[in-house]
Amino acid sequence: MSAGMVVIGPAQAFSLADLSQGDASQGLKMALEKGAAAAIGLLGVQDGFMGNDKVRIGLPEFMQKGTRMLKTMGMSKQLDALNLQMNRAAEAAVPLSQKLLTQSIQSMSVQDAKSILQGGDTSVTRFFIDKTRMPLTEEFMPQVKQVLGQLGVVEQFNALAGKLSGLGLLSKDNAQLENHVTAKTLDGLYFMIGEEEKKIRQNPAQAGSAMISKVFGALR
C-alpha cells in the first residue's frame, strides 16, 4: 500500500458470523474505495501503463503477427509511436473511472456484502467488472479516441483493420484501434484493483483502517 500508511494493530479475533451486516458492508465499501483509488493512482499517470509490464498495452494480436513485415517496410518508428500512444490513451482515460466506481460502491446492498467477502480473493474485483465494465467502456471511448487521434498512423491502422475485417480475417469489434485500447485499459484497471484487493485480504492490519482490519481479519 502507499507509503506512510498508518499501521493498525492486530484486530480482536472475530469470525465472519460475529460481524453485523452494517459492519460487513462498511468494511467492504471502505476496502473497495481504497482499492479503486490505489489502482487509479498507479495507472492514471504518465507511464502508469507504459512502465508496467503487467498491464502495458501491446498491439492487437493480428498486427503483432505482421509486425516483422511492417518493420521491414520501414514502419518501426510508426509502430513504436503507436504503441506509446495506446498506453498514453489508457493513462488519460483511467481517472475518468473514479465517479462510476464510487457510484457502484454506493449502490452495493448490505445483503450482498457478506457473500462478496466470502467470494474469494478477487470477488470485489468481479463486482466492479459486473457493475462498471459496460458504462466505463462508454466513458473511456471519447478520451481514448481523442488521444489516439493525435497520431496520424491510427488512420492507417484502422484502414488496414477495415480491409482485414472485410475479408473475414478480423472481427468488426477489433477493426477499430480505440476498441482494442479501451478493452485493454479496463483489463489493466481491474487487474490492479484485484492486486490491491489481494493485499488487503492478505494483510488487513496494514490497510490503515480499523474497520477494514476488523472485517477482513474475520476472514483469516
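Biologist: How many cavities of 30 Å³ or more does the count come to?

Modeller: Keep in mind that this is a predicted model. The cut-off here is a volume of 30 Å³ or more, and by that rule the count comes to one cavity.

Biologist: What volume does the largest cavity have, and which residues lie closest to its centre?

Modeller: The volume of the largest cavity is about 60 Å³. It has 10 lining residues. By class, eight of the lining residues are nonpolar, one is polar and one is charged. The closest to the centre are Ala31, Leu32, Val124, Glu197 and Ile200.

Biologist: Which helix gives the largest share of that lining?

Modeller: Three helices each supply at least two lining residues: helix 1 (21–43), helix 7 and helix 9. The largest share is four residues, and these come from helix 1.

Biologist: At what angle do helix 7 and helix 9 pack?

Modeller: Two packed helices are described by the angle between their axes and the distance between the axes. For helix 7 (residues 123–148) and helix 9 (residues 177–202), the axes are 8 Å apart and the angle is about 140°.

Biologist: Is the crossing of helix 7 and helix 9 left-handed or right-handed?

Modeller: Helix 7 passes helix 9 in a crossing that is right-handed. The residues of this contact divide into 15 nonpolar, eight polar and six charged. So, to name the hand you asked for: right-handed.

Biologist: What should helix 4 span, at 1.5 Å a residue?

Modeller: Helix 4 (residues 76–93) has 18 residues. Its buried residues include Leu79, Leu82 and Met86.

Definitions and conventions. Residues are numbered from 1 along each chain as its sequence is written. This is a predicted model: local features need pLDDT of at least 70, side-chain atom pairs count only at pLDDT 80 or more; totals for chains, interfaces and linings use all residues. Side-chain values use heavy atoms; hydrogens and water are left out. Axes are lines fitted to C-alpha atoms, for helices over the stretch in contact, and angles run from 0 to 180 degrees between N-to-C directions. Ala, Val, Leu, Ile, Met, Phe, Trp, Tyr, Cys and Pro count as nonpolar, Asp, Glu, Lys and Arg as charged, and the others, Gly among them, as polar. The expected span of a helix is 1.5 Å times one less than its number of residues. Buried means under 20% relative accessible area, exposed over 50%, partly exposed in between (1.4 Å probe, protein chains only). On a 1 Å grid over the protein atoms alone, a cavity is a set of points where a 1.4 Å probe fits but cannot get out, and a pocket is an open set with protein on both sides within 12 Å along at least five of seven lines; lining residues have an atom within 4 Å of a point. Grid points are joined across faces, edges and corners, and a volume is the space filled by probe spheres set on the points.
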